[in-house]
Amino acid sequence: MLSPEKPAKKSMTKEGKGVKSSPAKNADSPRWQKRRPAAGLLCLLPMMALSAAVLAAPGVPSGWEGWLSLLAVWGIFNFGFARILSTGKVEKWRSFFFIGVSFSFIFYFLSFVREYAALFASQMEFRSGDPVCHLVLPFLVVPAILSGEIFYPGRMTGSFGSVSFMFLAWLVAFLTLGRAFCGWGCFFGGFDEAFSRLRRKPLIKKIPRILLDFPFVILFFFIILSAAYLWPVYCDVLCPFKAVFEPGRLFSGDFFLLVLSVILFVLLAVVFPLLTGKRCLCSFFCHLGAVQSLGSRLVPFYVEIDSRKCKNCEKCFDNCPVMAIEGGEVKRVKEDICVRCGRCVDNCPSGAISFRLKGVPLGKKSETPKILFLYAAFTFMVAFGGRICAGALEKMLIWLF
Ligand code: SF4
Ligand code: SF4
């Protein structure tokens with residue numbers, strides 16, 4: 001027997017997950033661009049210039065492999081941005097780049113294994129030249145205030161990856177993107193995103209929302225430990241990414257910690273995302289996500305549901321990868337959790353969800369908030385991830401030729 005709500009025509013989106021109707025042309029669809037392709041080009045040209053500038057900022061490459069890689073990455077990113085502008089769909093290309101940056105990062109980082117193999121016997125010697133990981137930043141602040149020193153075996157100033165550069169980059173992300181950093185900028189976030197997208201229908205559908213508070217527990221607990229030991233303790237004992245990015249542990253005798261990080265990474269970035277369809281590492285564990293949540297209240301961009309248009313189909317509630325949508329009769333996006341990935345905006349069948357700019361009243365149809373947000377987020381993505389992709393491609397070309 002057909003249920004009254006059952007639509008006559010079924011179609012599956014890429015995300016699937018039981019979605020039964022195609023999204024209607026929504027409020028964010030780029031009708032303006034179909035009428036005025038010149039306007040679309042005008043939106044693209046500044047991004048082409050901006051992305052070229054941020055890609056070139058760390059310095060020009062030396063060989064042809066470097067130049068070719070940089071040019072290819074610039075072209076692919078701008079092609080993606082052009083497709084976002086022309087289709088009005090954000091999520092597909094964002095996800096492609098976001099996941100691509102994370103996996104490029106593994107390849108790029110581990111390509112140094114050969115070059116630095118001799119140093120792995122002495123882990124601290126290797127780490128003294130490390131670029132600083134943005135995840136450690138919250139744990140440097142309190143020890144720095146208490147002691148007047150920054151306790152991290154990395155470069156303090158002078159280059160891409162130094163403590164001062166990363167702190168500045170994080171501050172800009174905090175103030176302009178907030179939690180959108182977790183959907184556009186963080187080069188670790190693509191792992192659980194990739195695995196959360198693999199299954200069409202999640203096996204586990206009910207997840208207690210209280211888990212969303214756990215990153216705050218980790219944040220405060222390890223801030224206290226860092227202050228007590230004057231050292232970023234989290235970095236040494238709990239970081240799941242050590243499983244992937246610090247093979248030196250294999251040589252340093254830290255077997256227990258290596259096993260712990262492997263278990264955490266496999267469970268949080270692979271197994272749970274596969275089972276739930278959610279970004280479990282970022283949502284239920286990452287302390288930097290908790291910090292970015294605080295910034296989300298300051299940034300001007302957010303995602304909002306127009307309850308007058310909402311048909312309560314639950315599609316956005318089911319599909320949000322970070323559980324940012326509160327269910328019930330009236331759907332609401334929690335701006336401190338939302339990573340502004342655009343999935344709900346692209347797929348809402350009644351066009352009820354849109355990118356918004358604070359101060360612009362709901363109901364006022366405008367592409368401007370979306371374009372402004374895309375500029376901020378995409379520029380950050382290219383700046384944080386573009387050079388990583390180019391580096392990975394360059395390594396590949398060098399090995400091939
Ligand atoms: S906003 Fe309403 S209509 Fe749109 S996907 Fe969410 S529940 Fe469905
Ligand atoms: S609420 Fe929408 S834009 Fe925000 S994280 Fe969820 S799916 Fe992405």
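1. Helices (H or I, at least four residues) and strands (E, at least two) are DSSP runs, numbered from the N terminus. Axes are lines fitted to C-alpha atoms, for helices over the stretch in contact, and angles run from 0 to 180 degrees between N-to-C directions. On that basis helix 4 and helix 20 (residues 368-400) pack at an angle of about 50°, and their axes are 8 Å apart. That makes helix 4 oblique to helix 20; angles under 35 degrees count as roughly parallel, over 145 as roughly antiparallel, 65 to 115 as roughly perpendicular and the rest as oblique.

2. The model is a predicted one, in which local features need pLDDT of at least 70 and side-chain atom pairs count only at pLDDT 80 or more, while totals for chains, interfaces and linings use all residues. Residues are numbered from 1 along each chain as its sequence is written, chains are lettered from A, and ligands are numbered from 1 in the order in which they are written.

3. Confidence comes next. The average pLDDT (the predictor's confidence in each residue, from 0 to 100) is 82 for the chain, and 79% of the residues score at least 70. Over residues 1-28 the pLDDT stays under 50, and the model has 41 contacts beyond four places in sequence for them; two residues are in contact if their C-beta atoms, placed from the backbone, lie within 7 Å. Residues 118-128 also have a pLDDT below 50, with 14 contacts beyond near neighbours in sequence. Where pLDDT is low, the predicted coordinates should not be read in detail.

4. To return to helix 4 and helix 20, their crossing is left-handed, a crossing being left-handed if the near helix is turned anticlockwise from the far one by less than a right angle, and right-handed if clockwise. The contact divides into 9 nonpolar, 4 polar and 1 charged residues. Ala, Val, Leu, Ile, Met, Phe, Trp, Tyr, Cys and Pro count as nonpolar, Asp, Glu, Lys and Arg as charged, and the others, Gly among them, as polar.

5. Helix 4 (residues 91-110) also packs with helix 3 (residues 64-87), at an angle of about 160° and with the axes 9 Å apart. The two are therefore roughly antiparallel. From helix 3, Phe77, Gly80, Arg83 and Ile84 meet Trp93, Phe96 and Phe97 of helix 4. By class, this contact has 5 nonpolar, 1 polar and 1 charged residues.

6. Helix 7 (residues 138-147) and helix 11 (residues 214-229) pack at about 35°, with axes 8 Å apart. Their crossing is right-handed. The contact has 9 nonpolar residues, 1 polar and no charged ones.

7. Around ligand 1 there are 14 residues, the closest being Cys310, Cys313, Lys315, Cys316 and Cys348; a residue is near a molecule if its C-beta atom, placed from the backbone, lies within 6 Å of it. This shell has 8 nonpolar, 2 polar and 4 charged residues.
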